[in-house]
Amino acid sequence: MTTLPTNSDDDRAEDLNAWDQVLVRLRAELDGEEFRRWFSGTSYASDSGDYITVWVLTEPIRRQLAASYQDVVTRALRAIGRADAQVRFVVPGIVDDEDE
């Protein structure tokens, strides 16, 4: 797992991939236990410009993130200058409906 900089490390935050930059924002906004429970098992997969793909451990976690955290993720994307991008949570090995 990536060691994320604190908010005082803005210079280094620019060197992070887009998802790690989002995680920095989420960590500052969410309760520590809530952040750990839902976001600590995520990892950056790819960034096509329009979509930032993020691996998650299980389908229930993917559903929870999509249902309950979309607004906070969208705010974090705007804060890092990626308002035009969407995060796509993907469970490895499970075919996404968009890909069929």
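Arg-75 is partly exposed, at 38% relative accessibility. In this predicted model, the side chain of Arg-75 meets that of Glu-29 in a salt bridge, with 2.5 Å from N to O. Arg-75 belongs to helix α5 (residues 70-79) and Glu-29 to helix α2 (residues 18-29), so this pair ties together parts that lie 46 residues apart in sequence. Glu-29 is also partly exposed, with a relative accessibility of 44%.

The pair is one of six salt bridges found in a search of the whole structure. Side chains of opposite charge can pair when their charged atoms come close. Another salt bridge joins Asp-47 and Arg-82, whose closest N and O atoms are 2.8 Å apart. Asp-47 sits in strand β1 (residues 43-47), while Arg-82 sits in the loop between α5 and β3 (86-90), so here too parts separated in sequence are tied together, in this case 35 residues apart. The two partners fall into separate accessibility classes. Asp-47 is partly exposed at 30% relative accessibility. Arg-82, at 17%, counts as buried because the limit for that class is under 20%.

A further salt bridge stays within one helix. Arg-36 pairs with Glu-33, and their closest N and O atoms are 2.5 Å apart. Both residues lie in helix α3 (residues 32-39), three residues apart, which is about one turn of the helix. Arg-36 is partly exposed, with 45% relative accessibility. Glu-33 is partly exposed as well, its relative accessible area being 35%. Asp-47 and Arg-82, by comparison, are tied across 35 residues of sequence, from strand β1 to the loop between α5 and β3. Salt bridges that share partners also join Glu-33, Arg-36 and Arg-37 into one network.

In soluble globular proteins, nonpolar side chains tend to be buried together. The largest nonpolar core here has 24 residues, and the members that touch the most others are Trp-19, Leu-26, Phe-39 and Val-73. At least two residues of this core come from each of α2, α3, β2 (51-55), α4, α5 and β3. Helix α2 gives the largest share, five residues.

Leu-26 is located in helix α2 and is buried, with a relative accessibility of 0%. Not counting residues up to four places away in sequence, Leu-26 touches Trp-19, Phe-35, Phe-39, Val-72, Val-73 and Ala-76. One of these, Val-72, is 46 residues from Leu-26 along the chain, yet the C-alpha atoms of the two are separated by 7.3 Å.

A pair of aromatic rings is described by the distance of the centres and the angle of the planes. The structure holds four aromatic pairs. In the pair of Phe-35 and Phe-39, the ring centres are 5.9 Å apart and the planes are at 20 degrees, so this pair is stacked. The two residues are four apart in helix α3, a separation of about one helical turn. Both are buried: Phe-35 has a relative accessible area of 7%, and Phe-39 has one of 1%.

Phe-39 also pairs with Tyr-69. Their ring centres lie 5.3 Å apart with the planes at 85 degrees, so this pair is edge-to-face. The pair links distant parts of the chain, since Phe-39 is in helix α3 and Tyr-69, 30 residues away, is in the loop between α4 and α5. Tyr-69 is buried, at 6% relative accessible area. Phe-35, Phe-39 and Tyr-69 belong to one aromatic cluster together with Trp-19 and Phe-89.

The last stop is helix α4 (residues 59-68), which contains Ile-61. With a relative accessible area of 19%, Ile-61 counts as buried because the cut-off is under 20%. Apart from its neighbours within four places in sequence, Ile-61 is in contact with Trp-38 and Val-56. Gly-41 is 20 residues from Ile-61 along the chain, and the C-alpha atoms of the two are separated by 9.3 Å.

Notes
Residues numbered from 1 in each chain as written. Predicted model: local features only at pLDDT ≥ 70, side-chain atom pairs only at ≥ 80, totals over all residues. Heavy atoms only, no water. Buried < 20%, exposed > 50% of the residue type's maximum accessible area, 1.4 Å probe, protein only. Contact = heavy atoms within 4.5 Å. Salt bridge = Lys/Arg side-chain N within 4 Å of Asp/Glu carboxyl O. Core = buried A, V, L, I, M, F, W, Y, C linked by side-chain atoms within 4.5 Å. Phe/Tyr/Trp six-rings, centres within 6.5 Å; stacked < 30°, edge-to-face > 60°.
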